[in-house]
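Here is a short briefing on one protein chain.

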Amino acid sequence: MPVVVVPSMVFSVGASGEVSVSLYMGTVMENYAAAGIEYVDGRGWQPIQEFRRNISWLGPELTGALEVRGYARAGLGLDVYGVPTASVGLSAYARLWGRAQSNPSCLAALEYGLHAGIDASVGLDVTTAIGLPAVRYNINIFDLRLTGGFSACPPTVQITSPGDGASVDLNRNFTVVVNATDPMGQPVTLAWDPAPLSSSGTSASYRFTREGPQRITVTGTTGDGRRGQASIQVNVVNSPPRASIDIPGNGQSYYLNPTATVAARGSGSDVNEDDPNVLSCSWAVAPDNLEAEGCSISFTFSTPGNRTLRLVVRDPQGLASEPTEVTISVQNPPPNYPPTASIAVTPASDPYTWNQTLTLTATDPRDPEGNTPLSFTWRAIKVDGSGNPFGSVLNLGSTQTVSWNLGTAHSFLTEPGSTCQSTGQRVRLELVVTDSLGNAMSPWTDSRIIRVECPPG
């Protein structure tokens, strides 16, 4: 078999390239809907109806890339049929890419990059009849990667909650939520105007103490100084308070001796006020045309007849409640006066915690005619913001002093129809004192309204 030996020197040069372009654009539609009811003190049951639709435009985003690759390889040796021949080679490559993005609210954003390097190879070429491939070892001896970019686009800042024109309650906290993004992927720092009570990330807590329209502006800033901004206007609403006459009770009787003094105590609840003591009380008595200011006062009558006591409560802004009223009866002296007494509650730290123990005492019980012994009846009933009773009646005891552990009254405080509000559940304590002849003041001898915090669950 003959052997062919051919001396050879081979030098080869080549190049390859690629150009690519892509375009992306689209739209995103988001829908949000909510429905239901909620209880708001001062306004009762209110419907929840909210629908929001947001359509955003994506792109267009244009991406292009240019890739160039070149190589040079030299081989030196004897091409002997079936015998490997040594070769060495170098290959240089470079890829330049860029991406441009635009949207209706800004000019453009551009990102770019360069990836370049050199590969070396050492191998053996084999010449055979069946064309065996070359065997080579490749190694990267240099690699460079550079990226950069710039943008004329500001970051996108959107206030997602509450919506523009939404109503919020005066003197009540609410949360503002923001969505902030940057087309270059940089972090966005938010600044709030006016300053919130507190902020964390993309949300902030606000409370306005003045009713009417209020504007909130949020500015997002990137590290390179680009800024985006969003603002909304909310309507701060002040709801009227609700008036309640704690005493006297509707239909209660008083006797002339020679005059009748009627103690009157009123209170109010207001969804916009944490402290009910900031509310003021105004009284009017018909048909006597009497007027008085103050939440705890007394009236003196010298003639018999029915009287209507009307109470109006005002908040610090001067907004008045709807009037509430009770009718009492002033009567001539009876043959036998009913006994009298007053309620004392220990401790006096109203409102009370849901598991606190109270001591209720009938202080200074006496009967004008001395018809003793006296008997005592204690009971509790829930009342709404206007002082109207509802739900079941809870009997507390039949001695001059009773102890009431509120922790045992969970079902009473939370039974269906209860309106436990942010200021607690209002409960009226009622005391009836009866003399030995069965004579008692109607509907009770004394009463007191307390507040109990909402039990857990």
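Among contacts (heavy atoms within 4.5 Å) in the protein chain between residues at least 6 apart in sequence, 65% join residues at least 24 apart. This is a predicted model: local features need pLDDT of at least 70, side-chain atom pairs count only at pLDDT 80 or more, and totals for chains, interfaces and linings use all residues. Residues are numbered from 1 along each chain as its sequence is written, and side-chain values use heavy atoms, without hydrogens and water.

**Sheet**
- Strand β24 (residues 375–383) pairs with β25 over six bridges.
- Ile 381 has Val 393 in β25 as its bridge partner.

**Aromatic pairs**
- There are six aromatic pairs; rings of Phe, Tyr and Trp (its six-membered ring) pair with centres within 6.5 Å, and planes under 30 degrees apart count as stacked, over 60 as edge-to-face and the rest as tilted.
- Phe 174 and Phe 208 have ring centres 6.0 Å apart and planes at 35°, so the pair is tilted.
- Both Phe 174 and Phe 208 are buried (under 20% relative accessible area; exposed is over 50%, partly exposed in between; 1.4 Å probe, protein chains only).
- Tyr 255 and Tyr 337 have ring centres 6.0 Å apart and planes at 90°, so this pair is edge-to-face.
- Tyr 255 is partly exposed at 22% relative accessibility, whereas Tyr 337 is buried at 16%.

Key: Two strands pair if DSSP finds at least two bridges between them. Helices (H or I, at least four residues) and strands (E, at least two) are DSSP runs, numbered from the N terminus.
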